[in-house]
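Dear colleague,

Please find below the sequence and the structure that I am handing over to you. My notes on what was found follow directly after.

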Amino acid sequence: MKSFKEIISKSKNKIPGIAAAPGIVIGKSYLFTKEKIEISKAPITDIEEAIKNFNEAIAQSKKELHKIFQIAKEKMDETRAAIFEAHLMILDDPVLLNTIIERIKKEKVQPEFIVADEISKYQELMIISNESYMKERAQDIEDIKNRIIRNLQKKRLHSKIENEVIVVSESLTPADTLLFSKHSALGFVTDHGGLTSHAAIISRSLNIPAVVGTHNATQIIKDGSIIIVDGFHGYVFYEPTEEQIRFYSEKQKRLYELQKGLEEYKEKDAITSDGKKISVEANVDVSGEIDIVISSGANGIGLYRSEQLLDELGEFPNEEEQTTIYSKLASRMYPLICTIRAFDIGGDKFRFQDYKEPNPFLGLRGIRFLLENEALFRTQIRAILRASKHKNIRFMLPMISTLDEIWKSKKIIEECKKELRKEKIEFDNKIKIGIMIEVPSAAVMAKELASEVDFFSIGTNDLIQYLMAVDRGNDLVADLYQEFSPVVVRTIHHIVEGAREFNTPVSLCGEMAADTLAIPLLVGLGLDSLSMSPATILYAKRIINSFSYKKAKAMAEECLTFKTQQEIEERIKKFFEENKIIRTRNII
Amino acid sequence: MMIEKKVKIINKAGLHTRPAATIVKMASKYKCDFFINRDGMSINGKSIIGVMTLAAEMGSELTLVFDGEDEQQAAEEIVSYFERGFDEL
């Protein structure tokens, strides 16, 4: 049998990319071209179906707008809120709706075309007026038009997707990724995006192999052709040769056996050879993943990204809906701990935001957004408290950069508790409140912050970006994003030292935890738990069980003296050799 | 029967979104047809998107047409709303 190197070096039909989610898959491709509000005028045969879709798209748009209107009423002056009310009324406008339905019946083309055409007529009338506010009004209508069309296209897309294909696309939104996973997608290939793009994170957590950042896969791969995705090395093969298919089928078999060999770690804990237990937990994006988490052997949920609910549902769930979702999560995981992170979003998620932030990553994000939108924050806190009665929920605040944010949040949480007590609703009075450490200012003040909270979770993705002032998604500077930079290693060390003063446990939930190479270093730096995508948990447990904490600590201390990322990486690789730890990607 | 009434926009902000929404809500309560005519254009007054296309600033004149069984009551309520300057005076 040929080696991987031989296969790679002589193949001309490979497309290199970034290995975003491990695994190998051979299957039929599905070229998913985003019709960027490209409106189809295709004829239709089933008019009844088209009208049904149209009515459902209107209902969904109403639901979305209604939520926004609710928030808008709290946040905005009456005039702006009135605009939203008018938008809602447009969705009930009998003249408009009847005209559209009559035209669908008569012209027999895609409803989206008629919606666009009909609403554009009104916009033109507004634009020809000389008043500047009328031009703005036309712009407002644009938003509602696009909303209806988007919802119509979603419906159309649903009916088009085949099951069990490898999705090839320019880029994928979290919603797309979820949609395809529901159609049992075998793999994902995208032109754009990096390791931390949502599509990458979600495919990892759903255990679907993915290669991202290929630049031009969509131009090379033909729709419906057989391709191979190597999610370990980041390669896609188009028009694969028989030899390549044989090679990768063999690898798939070995992978399967290897995974069977990992099964024993499902029941085992991650304990170093000298007896230090590391809690290995799961990062969870979507509610559907709970089964995967339970079967992954996780010691709990270290990060539940609640903002993903917005992508799943397309809107903010209300208190009742959230309580149901979190309660279900907690009872499925019981007695294991679930760490729910408050909505980690920026102001750009909302259309009603008048002010477009020039620099959203340094703007109204995470806790800043929540404190600014207190009603929304309270709704989530109440729902989390209500779901906490079995005492296995922890609550985590994102993007903390000052002590003041912790004080303010704690005050609000206390007020919510008081309300619930008054309403005689049961909850965990001692619910643990923790924070994400992902902003350099929080890392610097680790000791002071540790005295105020019950736990820390280091979010390496953002922490590294902010420490190095580098956007990982920007190809021009992505080289500066270095997980093993001395800056990162020393910062993690500083955080752990600060936390130790108050016995505050420290977890790490960034992508770094899933990097097998990083695990001995992180354990050696004194982290108590690692949280990662469910697919990598067994691998991590296996690695942790194959070295001693004492040696890892000595290695980490050595790394703290190094000046370059290269020295640190070399030292870790040596550690793997010294302890005869096999890395999965080397087997494959 | 049919009622035709000439009205003048007298509030400063003109027929902006809030009064447009209010007019449509008022008109929707009645069975009669309701049209707003201006410069040869006739807009269905029960259609918010239609009313929103009217750029009626202060001083402009519109003709309101009511036609149907409860036209009298509809005309009274809506004409009075125009005459009150959309309660913005």
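**Findings**

K67(A) has its place in helix 2 of chain A, which covers residues 47-75. Please bear in mind throughout that this is a predicted model. A residue needs 20 or more other C-beta atoms within 10 Å of its own to be buried, and is exposed with 12 or fewer. K67(A) counts as partly exposed because it has 17 C-beta neighbours inside 10 Å. Beyond its neighbours within four places in sequence, K67(A) is in contact with E315(A) and F316(A). For K67(A) and F316(A), the separation in sequence is 249 residues, while their C-alpha atoms are 6.8 Å apart in space.

Strand 12 of chain A is joined by 4 bridges to strand 11 (residues 300-305) of chain A, and the two run parallel. In this pairing, C338(A) of strand 12 has I301(A) standing opposite. A further 4 bridges link strand 12 of chain A to strand 13 (residues 393-397) of chain A, again in parallel. Here T339(A) stands opposite R394(A) of strand 13.

Just after helix 20 of chain A, A469(A) adopts a positive phi of about 50°.

Lastly, the contact between the chains. How many residues does the contact take from each of chain A and chain B? Chain A gives 18 residues and chain B gives 15. On the side of chain A that touches chain B, two or more residues each come from helix 3 (78-90), helix 4 (94-107), helix 5 (111-128) and helix 6 (132-160) of chain A. Helix 3 of chain A gives the most to this side, with 7 residues. By class, the side of chain A that touches chain B has 12 nonpolar, 2 polar and 4 charged residues.

With kind regards

Key:
Residues are numbered from 1 along each chain as its sequence is written. Chains are lettered from A and ligands numbered from 1 in the order in which they are written. This is a predicted model: local features need pLDDT of at least 70, side-chain atom pairs count only at pLDDT 80 or more; totals for chains, interfaces and linings use all residues. Two strands pair if DSSP finds at least two bridges between them. Two residues are in contact if their C-beta atoms, placed from the backbone, lie within 7 Å. Ala, Val, Leu, Ile, Met, Phe, Trp, Tyr, Cys and Pro count as nonpolar, Asp, Glu, Lys and Arg as charged, and the others, Gly among them, as polar.
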